[in-house]
Amino acid sequence: MDDATLRSWLAFAHPIWMVTSLVLAIATARMGLEIRRRRMKGTPIGRALRDRHLRFGKISIAMVVAGFISGPPSMLLLRDRAWFDSFHGILGIIVLGLFLWTGWTGRALASGDQSVRDIHRIAAGSAIGAAMLSAVAGFVLLP
């Protein structure tokens, strides 16, 4: 395998990682919506569902952070472009902030602060929506 072929294959590592993290974030959001649905109906939520939601959320956020960190080197080394020389890069900063905000409010919820429930829901939905937009904006950067 020559250098150009290897670079082309490596250029897909960041997008695959980020799509995987987005799928995991959507699965986490579905669990969160199930928790909300049960709470609104007055049925027991169950410790297992909450624990799974927290675990998936932490993994999702860690994957988004790792993917964000891998984005700029990918631009520099594999695409011969400046770090944030794209709409996708700017959206990446926004997505990272929204996911961190989601994690911060989720942590507050897990600690018992119910006042952040609506903020957590809005931040999570915004993070996933912005991540989807960022994914579409990243199409032009693929080899």
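Tutor: Start with α4, which gives the nonpolar surface patch its largest share, 3 residues. The model is predicted: local features need pLDDT of at least 70, side-chain atom pairs count only at pLDDT 80 or more, and totals for chains, interfaces and linings use all residues. Residues are numbered from 1 along each chain as its sequence is written, and side-chain values use heavy atoms, with hydrogens and water left out.

First, the setting. The protein chain has 5 helices and 0 strands. Both are DSSP runs, numbered from the N terminus: helices are H or I with at least four residues, strands are E with at least two. Along the sequence the pattern reads α-α-α-α-α. The C-alpha atoms fill a box of roughly 60 × 25 × 20 Å, taken along the principal axes. Of the 143 residues, 34% are buried. Buried means under 20% relative accessible area, exposed over 50%, and partly exposed in between, with a 1.4 Å probe and protein chains only.

The patch covers about 650 Å² and is made by Leu76, Leu77, Trp83, Phe84, Ile90, Ile93 and Ile94. Patch residues have over 30% relative accessible area and no salt bridge; nonpolar side chains (Val, Leu, Ile, Met, Phe, Trp, Tyr) are joined within 5 Å, like charges within 9 Å. A salt bridge is a side-chain nitrogen of Lys or Arg within 4 Å of a carboxyl oxygen of Asp or Glu. Areas come from the Shrake-Rupley method with a 1.4 Å probe, and for residues only the protein chains shown count as cover. Both α3 and α4 supply at least two patch residues each. Ile93 lies in α4. Ile93 counts as partly exposed because its relative accessibility is 41%.

Ala110 is also in α4. Its relative accessibility is 53%, so Ala110 counts as exposed. Ala110 and Arg50 are 60 residues apart in sequence, yet 9.0 Å apart in space, C-alpha to C-alpha.

Val95 sits in α4. Val95 counts as buried because its relative accessibility is 7%. Setting aside residues up to four places away in sequence, Val95 touches Val64, Ala127, Ala130, Ala131 and Ser134. Contact here means heavy atoms within 4.5 Å. Val95 and Ala127 are 32 residues apart along the chain, and their C-alpha atoms are separated by 5.6 Å. Ala130, beyond its neighbours within four places, is in contact with Val95 and Leu98.

The largest nonpolar core has 12 residues, including Val95, Leu98, Val64, Ala127, Ala130 and Ala131. Such a core is a set of buried Ala, Val, Leu, Ile, Met, Phe, Trp, Tyr and Cys residues joined through side-chain atoms within 4.5 Å. Two or more of the core's residues come from each of α2, α3, α4 and α5.

Last, the partner helix. α3 (residues 47-78) has 32 residues and reaches 44 Å from first C-alpha to last, close to the 46 Å expected. The expected span is 1.5 Å times one less than the number of residues. Among the buried residues of α3 are Ile61, Met63 and Val64. Their cover includes α2 (13-41), α4 (87-110) and α5 (117-137). Just after α3, Asp80 takes a positive phi of about 50°.
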